[in-house]
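Keep the model open as you read.

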Amino acid sequence: MAMLEFENVDVFYGKVQALRGLSLRVDEGEIVALLGNNGAGKTTTLSTASALMNPHAGSVTFDGVDISKAKPWEMVAAGLIHVPEGRRIFSTLSVHENLLLGGYLVKDRAKIAERMKHVYELLPLLQERRAQQGGTLSGGEQQMLAIGRALIAGPKMLMLDEPSMGLAPLIVAQVMRVISDIREQGTTVLLVEQNARAALRVTDRAYVIEEGATTLEGKAADMIADPRIIDAYLGA
Amino acid sequence: MTIDNSTESIHTVEATAKKKGFGGWLSSIFENKYIGLVALVIALLMPFLIATPYALNIMTTAAIFVVLAAGLNIVVGYCGLLDLGYIAFLAVGAYTAGIIAKAFELPVLFTLPAVVIMCILAGLIIGAPTLRLRSDYLAIVTLGFGEITRITANNLTITGGPSGIFGIPGFLVIGDIDFQNPVIFYYLTVIIVAGLVLAAARLGKSRLGRAWKFVKEDEDAAEAMGIHTYKVKLMAYIFGAVWGGFGGMLFASHLTAISPMSFVFLQSALVLMAVVLGGMGNMKGVVLGALAISLLPEFLRDFSAYRYLLFGILLVVVMVFRPQGFWPPRGAEAERSKAEREAAAFANGLKK
Amino acid sequence: MDQATQVIWDGIFVGSFYALIALGYSMVYGIIKLLNFAHGDIYMVGAFIGYTILTSLGGNFQTMGLFALIVVMMISMLLTGTVGLVVEKLAYRPLRGAPRLAVLITAVGASFALEYGVAAIASPNPRGFPVRLDGDFVLVLGARVTIPQVILILIAGVLMFALDTYIRRTSTGRAMRAISLDMKGSLLMGVNVNSVISRTFFIGSALAGAAGVMAGAYYGKIDFLMGFIIGLKAFTAAVIGGIGNIRGAMLGGLVLGLVESVGSQLVGGQWRDAFAFAVLILFLTLRPTGILGERVTERV
Amino acid sequence: MSAVLEVRDLEISFGGVKAVDGLTFSAKAKEIIAVIGPNGAGKTSAFNCITGFYKPTGGSVTLNGVDITGRRPADIAHEGVSRTFQNLRLFHDMTVLDNVRAGMHLYGGQNFLDAIFHTPRFKRSEARYTEEAHYWLDFVGYRGRRGVPIRNLSYGQQKQVEISRALARKSELLLLDEPAAGLNHSEKQSLLELVRRIRDLGTAVVLIEHDMGLVMEVSERIVVMNFGKEIADGTPAEVKANPAVIEAYLGKDDDEEVTANGDAGV
């Protein structure tokens with residue numbers, strides 16, 4: 001069953017068209033990668049799904065519900081959590097407060113406590129740093145915090161925008177591992193990555209976006225061997 | 001240059017005319033090269049239509065208001081620096097003219113060099129320390145300077161304290177012609193103001209004027225082009241100050257008496273309103289805005305209690321629905337419309 | 001010595017007014033970087049609302065003095081808060097994401113509309129406030145300290161303490177801090193940014209409203225322009241403390257009150273306002289981050 | 001030929017994090033240098049240091065032997081550095097021609113009195129600005145209208161205008177920050193050719209670019225950055241074969257430590 005579905009979606013920034021009839025589909029339980037160059041429309045796709053932007057044309061549905069006029073907080077409430085590019089950690093808030101903000105819409109305190117415990121288990125370093133200001137964490141730790149924060153919201157689906165950006169290869173591997181773990185636990189994942197190789201290793205399927213539309217789609221295992229992909233995104 | 005620009009204006013006028021119907025037709029009239037000249041001729045003919053002392057007084061005041069709006073337009077419209085204490089320059093000009101003319105029993109015209117120098121100094125004093133500040137801080141600081149100027153005038157003996165200066169000598173007497181005669185003074189004011197408006201408009205279309213607009217739009221990009229943004233902003237301030245000073249000189253000799261009450265924040269706000277309503281950056285629009293702000297109250301006497309309330313609401317409404325003013329500079333028609341702002345990056349979720 | 005303590009006490013008293021108003025300025029600025037020029041006028045509206053309630057409730061109620069005042073203050077806070085909310089919704093929200101210049105001009109317009117709106121409704125002449133708090137005084141270290149002064153300072157203190165706790169401890173407070181750091185990030189946390197901003201305006205305006213009623217009762221006279229200068233001073237206080245910083249606003253209010261009080265003692269009361277602006281300009285040019293503000297490195 | 005631009009041990013940190021950490025490279029006249037690296041590697045920070053938007057915390061930048069380290073952007077522009085920005089920094093409310101005229105600000109040729117009185121000097125200089133603006137627009141192959149505000153232009157056209165504006169400066173060094181981002185294939189091809197023609201003007205060109213195909217084809221030397229550090233500097237062929245570069249940026253085929261089922265260890 002489709003969790004997130006884009007059909008012929010157009011999105012504009014002012015007069016600049018960012019998505020041109022983009023279509024894609026992420027099924028429940030899947031982990032899908034979105035590949036493409038800078039400016040191809042990957043981030044716009046995620047922003048449209050999380051309702052930071054609304055499409056001008058086409059339909060976007062999440063969990064069977066049309067979300068083309070939704071508000072961002074409604075998407076969070078519906079369980080679609082977007083971990084943005086650059087992590088957007090609240091720098092002067094403590095790690096713990098950052099996590100609490102992830103649960104902003106969760107009214108049930110017991111649930112928050114339980115998820116908090118889960119996140120601290122999954123990412124023990126956050127527990128060590130819980131009183132520290134978010135901005136003082138290293139890039140990798142901030143990425144973990146961003147993911148942890150998203151988990152407190154209790155996502156049905158997680159969208160991650162370039163989680164490996166600016167991280168050392170070793171840390172990238174750790175982040176990818178955490179993402180795999182999250183998926184193992186039943187959360188659907190949409191992953192935007194510039195590091196195509198790392199992304200294709202952890203995902204089931206992938207789309208390639210060029211100039212605001214998906215141009216290729218396939219199983220990750222096939223894509224990694226596709227000469228067109230190798231040429232454009234993986235390098236020789 | 002000439003060939004190219006004329007084709008440009010034809011294109012734009014055509015395009016707007018087609019798109020906007022009546023409004024486009026109206027704006028094509030306004031875009032006409034000779035509209036300024038026509039306006040001047042109308043202004044010069046006015047005394048033949050109404051020459052009551054009351055009407056002349058109001059028209060002279062309106063003309064002085066136009067020069068203030070033109071000066072503030074340099075600062076706010078061209079350079080994008082919000083000055084909420086602009087009236088201080090009117091005060092500096094008026095007091096300089098008044099004090100010197102009275103002390104030396106000189107015709108006010110002869111105080112011109114002193115007025116210009118004092119205004120340049122005032123521009124430097126206010127601008128130099130503050131122009132590196134962020135725009136909103138700058139607004140408040142200029143407001144503070146405006147108030148300090150008024151308070152100072154209110155408390156010094158040389159400025160006559162709260163009662164101000166009165167009995168300022170006339171503007172000039174040549175033989176039998178006393179420029180203080182209301183009709184002659186009106187003509188004098190109109191000519192000086194027209195000259196200053198034209199000069200300001202021409203500045204706006206020069207290298208310096210473009211630099212102001214570059215700074216207004218994107219300071220970083222302007223710096224990268226080799227524009228010393230700080231100096232350029234300071235220049236805008238100084239020009240604005242000098243224009244204000246001219247206004248002050250005319251103001252002092254028009255009224256022959258000045259007091260701190262004339263330089264309250266309300267006045268700064270009214271000048272700003274003229275600039276904003278007319279269309280920041282477009283001299284023609286600003287002149288129209290100034291005339292509207294200064295003359296409308298005369299027609300709306302019955303509503304005088306609500307006058308400023310309406311002005312306030314109008315300011316908000318204009319910013320929300322037509323931030324470029326009623327008559328924006330050519331080529332600034334579309335983008336800052338409400339619809340487009342709404343489309344701006346992550347703006348969704350921030351409205352309604 | 002007596003004179004010195006008097007000056008200091010006066011400074012603290014006036015400063016606590018400034019602090020109450022500065023809080024609203026600072027909160028709004030901190031969260032959406034909007035210089036709410038109309039904030040001083042909200043304080044004025046508060047005073048007028050208090051005046052209206054007191055006059056309409058009549059003499060018997062007024063004789064209850066302090067009690068009446070506190071009741072009226074609470075009602076005024078609610079109403080003034082609502083006025084702030086409406087101003088935000090009508091004037092500022094449609095301009096979110098618009099250039100700074102446009103927003104500032106809007107704020108000037110809103111300020112105008114409030115001032116002259118009140119002038120049009122309630123007439124531009126000053127009004128005498130029906131309840132006065134002049135009361136007896138006691139000498140503390142040589143300063144004349146009146147009971148109402150002490151009570152007003154206490155009320156201001158309680159309100160500020162409550163606000164500080166609200167911002168530090170509750171989830172809305174946390175959301176406010178988050179928005180001030182990163183609005184987009186907050187949206188992605190599911191924060192309904194608009195409703196939090198509305199709440200901020202409500203709280204800030206309510207505090208200003210409380211200050212308005214207090215000022216009416218203390219000075220005994222209100223007029224439609226009373227918010228202009230005090231708004232500027234509140235902004236100055238906010239800047240001194242570090243704009244956007246709640247505790248900074250309180251500190252800034254007290255510092256400004258003291259500086260003014262001492263300054264006008266030294267150079268004469270007629271320079272009082274000029275003195276405050278000079279302090280503002282000095283701070284903005286020399287230490288724009290204020291006493292408690294943090295230095296931020298801005299990236300291109 | 002001696003170098004136009006010399007960057008030595010350039011360093012900049014933000015709040016303790018080194019965005020650029022020891023970058024050294026040089027560019028000669030008529031040379032095209034590419035700076036590549038993952039997002040966040042410090043390329044744009046390096047550009048901002050060179051052009052004065054950031055004050056480097058260490059190292060030096062010299063232009064034709066003149067030390068320009070840490071000077072204001074406008075001063076550096078005066079010395080002969082011109083740049084474009086990653087996210088197009090044009091003056092949106094102004095016309096195409098006015099934007100290109102911005103590049104000519106340093107020509108001078110008129111003062112405010114000339115402007116107020118429309119002296120012959122003023123008219124001459126304005127005519128020259130206009131003529132040259134057209135010249136540079138032609139040079140980059142701009143085909144759109146020129147009297148309209150920037151925001152009516154397509155993205156590709158805006159990119160062209162930004163490059164014309166930078167060229168109008170006639171500076172010896174041109175820094176292009178991701179000139180190909182957002183361009184389609186044919187636009188990229190003309191960009192490639194344009195960069196070469198700019199080089200032929202005698203300008204040293206340094207560009208940041210992600211499009212590897214373009215970079216490999218156009219540049220004479222490539223500087224590779226990762227985590228603020230410079231990991232390689234050489235010809236395209238050398239860089240392609242450099243193991244460190246493959247590891248950090250281009251990626252290699254045989255690192256199997258992360259797999260889809262997540263069972264491989266870290």
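Q: Which residues do ring pairs link into a cluster with Phe112(D)?
A: This is a predicted model. In it, ring pairs link Phe112(D) with Tyr78(B), Trp212(B), Phe239(B) and Trp243(B).

Q: How many aromatic pairs are there over all chains?
A: The count comes to 34.

Q: What makes Phe89(B) and Tyr237(B) an aromatic pair?
A: Their ring centres lie 6.4 Å apart. The cut-off is within 6.5 Å. So Phe89(B) and Tyr237(B) count as a pair.

Q: Why is the pair of Phe89(B) and Tyr237(B) called edge-to-face?
A: The angle between the two planes is 85°. Edge-to-face calls for over 60 degrees.

Q: What does the pair of Phe89(B) and Tyr237(B) tie together?
A: Phe89(B) sits in helix α5 of chain B, residues 87-104. Tyr237(B) sits in helix α11 of chain B, residues 229-255. The pair therefore ties together parts that are 148 residues apart in sequence.

Q: How do you know whether Phe89(B) and Tyr237(B) are buried or exposed?
A: Compare the accessible areas with the cut-off. Phe89(B) has a relative accessible area of 1%. Tyr237(B) has a value of 1% too. Buried means under 20%. So Phe89(B) is buried, and so is Tyr237(B).

Q: Why is Lys170(D) called partly exposed?
A: Its relative accessibility is 46%. Buried needs under 20%, and exposed needs over 50%. The value for Lys170(D) falls in between, so the label is partly exposed. Lys170(D) is in the loop between α6 (155-168) and β7 (173-177) of chain D. Lys170(D) also has a positive phi, about 50°, although it is not a glycine.

Q: What makes Met225(B) buried?
A: Its relative accessible area is 0%. The cut-off is under 20%, so Met225(B) is buried. Met225(B) is found in the loop between α10 (219-224) and α11 of chain B. Leaving aside neighbours within four places in sequence, its contacts include Ala77(D), Arg83(D), His105(D) and Arg169(D).

Q: Where does Gly102(A) lie, and what makes it buried?
A: Gly102(A) lies in helix α3 of chain A, residues 95-102. Its relative accessibility is 5%. That is under 20%, so Gly102(A) counts as buried. Beyond neighbours within four places in sequence, Gly102(A) is in contact with Arg149(A), Ile152(A), Ala153(A) and Met189(C).

Q: What is the secondary structure of chain C?
A: Chain C has 11 helices and 4 strands.

Q: How do you know that chain C is as compact as a globular protein of that length?
A: Its radius of gyration is 19 Å. The globule rule gives 19 Å for 300 residues. The two values are close, so chain C is as compact as a globular protein of that length. Along its principal axes, the C-alpha trace spans about 55 × 45 × 35 Å. Of the 300 residues of chain C, 61% count as buried.

Conventions: Residues are numbered from 1 along each chain as its sequence is written. Chains are lettered from A and ligands numbered from 1 in the order in which they are written. This is a predicted model: local features need pLDDT of at least 70, side-chain atom pairs count only at pLDDT 80 or more; totals for chains, interfaces and linings use all residues. Side-chain values use heavy atoms; hydrogens and water are left out. Helices (H or I, at least four residues) and strands (E, at least two) are DSSP runs, numbered from the N terminus. The radius of gyration is taken over C-alpha atoms; the globule rule is 2.2 Å times the number of residues to the power 0.38. Buried means under 20% relative accessible area, exposed over 50%, partly exposed in between (1.4 Å probe, protein chains only). Rings of Phe, Tyr and Trp (its six-membered ring) pair if their centres lie within 6.5 Å; planes under 30 degrees apart count as stacked, over 60 as edge-to-face and the rest as tilted. Contact means heavy atoms within 4.5 Å.
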